[in-house]
Amino acid sequence: MLNILSSSNVANYEALLVMGTIVVVGMFVGKLFERIKIPNITGYIFAGLILGFVLFQIGLDDIVHMLEIVSSVALGFIAYGIGRELIFSKLRKSGKEVIVITIMQAVFTTAIVSLGLILFKVPVAVALIFGAIATATEPASIMLLTKRMKTKGPLTDTLIPLVGLDDAVGIVIFGILLSVGKSLNSGAELHISEIILDPALEVIFSILIGVAIGLFCGFIIKSVKARNDDKYETFLNVSIFGVFAAVAISKIGFNIGDLQIHLSPILTPMVLGVTVANIVSRVRSHEMDLAVDKFTPPILIAFFTLAGAELISAFLNQSNIAYGAMITTIVLYITLRIVGKISGAWVGAKMMHSVDSVRKYLGISLLPQAGVALGMAYQARTDFAEHGVTILIVILVATLFYALIGPIGVKYSLIKAKETNV
């Protein structure tokens with residue numbers, strides 16, 4: 001039989017086979033971990049660790065890098081989902097308290113993590129990236145616990161809107177500091193105007209493109225009649241188009257004259273989600289959520305499972321890793337982030353004269369970290385050739401830690417605040 005497939009075609013189909021295996025194995029391991037009361041995200045990452053080792057042993061670990069586009073798409077849907085939670089009418093009802101606390105804990109966390117790592121001789125550019133990633137809070141486990149425990153009270157009322165807004169603020173901070181970090185890491189002599197201009201343009205054009213795509217998608221969604229039988233299919237198709245377009249344009253970039261514009265692959269789809277959520281009705285927004293939620297599970301499973309495979313691949317392929325320095329950085333990052341979250345939330349709550357339960361326990365409730373942080377780490381790995389792998393490994397290990405300890409902190413806080421009904 002003649003072999004009519006080129007080596008590149010074979011690699012593509014091998015990647016397709018690995019992708020299918022990753023989704024199925026990740027799903028089963030995630031369900032197994034849920035049965036033993038461990039978050040399914042931890043199970044996905046653990047499955048990735050196993051698959052990464054197997055792929056390395058059979059010489060197919062390069063496929064993990066080929067599937068980077070899957071991680072980019074998954075990150076786009078995560079950011080899109082965060083954006084859809086940021087409805088302006090809800091934020092107005094939350095008042096200044098949530099906004100001030102969100103900003104204070106994000107600024108404190110970024111500053112404490114960045115400065116702490118710089119003091120321990122971590123390169124400034126890399127320390128800034130770690131500081132930006134540290135802001136991200138994983139909302140899924142928090143929302144799940146508040147629903148399961150049927151919580152009600154000041155802490156819950158502050159925590160729920162804050163976690164959505166927190167990731168939005170973190171994405172903006174990350175976009176700015178990533179551009180600053182790339183400028184510092186380039187080694188070229190740069191003026192302050194250049195260091196400020198690049199991140200400013202990235203944020204501005206990410207917002208503009210996100211709004212433009214969001215207006216187009218929102219117009220189509222609003223035009224669908226309520227009794228249309230295939231409305232959910234339309235909502236899903238439009239959402240897929242919007243996220244794909246936002247991620248693709250962000251990755252490709254474009255030129256305006258001699259000026260090269262780069263967009264944030266996290267901020268752009270998030271702004272898309274914000275725009276769509278705020279121009280369609282509340283009912284239509286809920287229907288859109290139902291449609292998208294049917295599509296995203298396998299993509300998110302692949303995202304977290306690939307993250308675990310990436311961790312193993314990075315360790316096994318990097319013979320020059322300084323493991324002592326790596327472990328020190330991991331411990332410092334985890335410790336400094338906890339200090340930043342707790343102290344920043346306390347200062348913000350103190351400024352706004354929040355009730356005791358919010359001042360005492362809000363910071364502990366903000367420890368979970370997963371999807372958005374991993375997405376930021378992937379983006380940093382792409383943009384930082386030398387230090388990118390180190391950033392990704394540190395965040396992956398920290399994510400495993402927070403996946404275990406974070407929900408415990410949330411549950412402890414809600415119980416101590418006496419807001420649980422279960």
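**Exercise 1. Decide whether Thr399 is buried or exposed.**

Solution. Thr399 has a relative accessible area of 0%, so Thr399 is buried. The cut-offs are these: buried means under 20% relative accessible area, exposed over 50%, and partly exposed in between, with a 1.4 Å probe and protein chains only. Next, locate the residue: Thr399 sits in helix H17 (residues 388-416). Helices are DSSP runs of H or I with at least four residues, numbered from the N terminus. Last, list the neighbours. Leaving out residues up to four places away in sequence, Thr399 touches Ile45, Gln369, Ala370 and Leu374. Contact means heavy atoms within 4.5 Å.

A note on the source: this is a predicted model, where local features need pLDDT of at least 70 and side-chain atom pairs count only at pLDDT 80 or more, while totals for chains, interfaces and linings use all residues. Residues are numbered from 1 along each chain as its sequence is written, and side-chain values use heavy atoms, without hydrogens and water.

**Exercise 2. Describe how H4 and H11 pack.**

Solution. Two packed helices are described by the angle between their axes and the distance between the axes. Take H4 (residues 68-85) and H11 (residues 267-279): their axes come within 7 Å and cross at roughly 35°. Axes are lines fitted to C-alpha atoms, for helices over the stretch in contact, and angles run from 0 to 180 degrees between N-to-C directions. Now look at the residues. On the H4 side, Gly76, Ala79, Tyr80, Ile82, Gly83 and Arg84 make the contact. Their partners in H11 include Pro269, Met270 and Leu272.

**Exercise 3. Classify the ring pair of Phe77 and Phe295.**

Solution. Start with the rule. Rings of Phe, Tyr and Trp (its six-membered ring) pair if their centres lie within 6.5 Å; planes under 30 degrees apart are stacked, over 60 edge-to-face, the rest tilted. The count comes to 8 aromatic pairs. For Phe77 and Phe295, the centres are 5.6 Å apart and the planes at 50°, a tilted pair. Phe77 lies in H4 and Phe295 in the loop between H12 (282-293) and H13 (297-317), so the pair ties together parts 218 residues apart in sequence. Phe77 is buried at 4%; Phe295 is partly exposed at 26%. Finally, Phe77, Phe244 and Phe295 form one aromatic cluster.

Note on methods:
Helix = DSSP H or I, 4+ residues; strand = E, 2+ residues; numbered from the N terminus.
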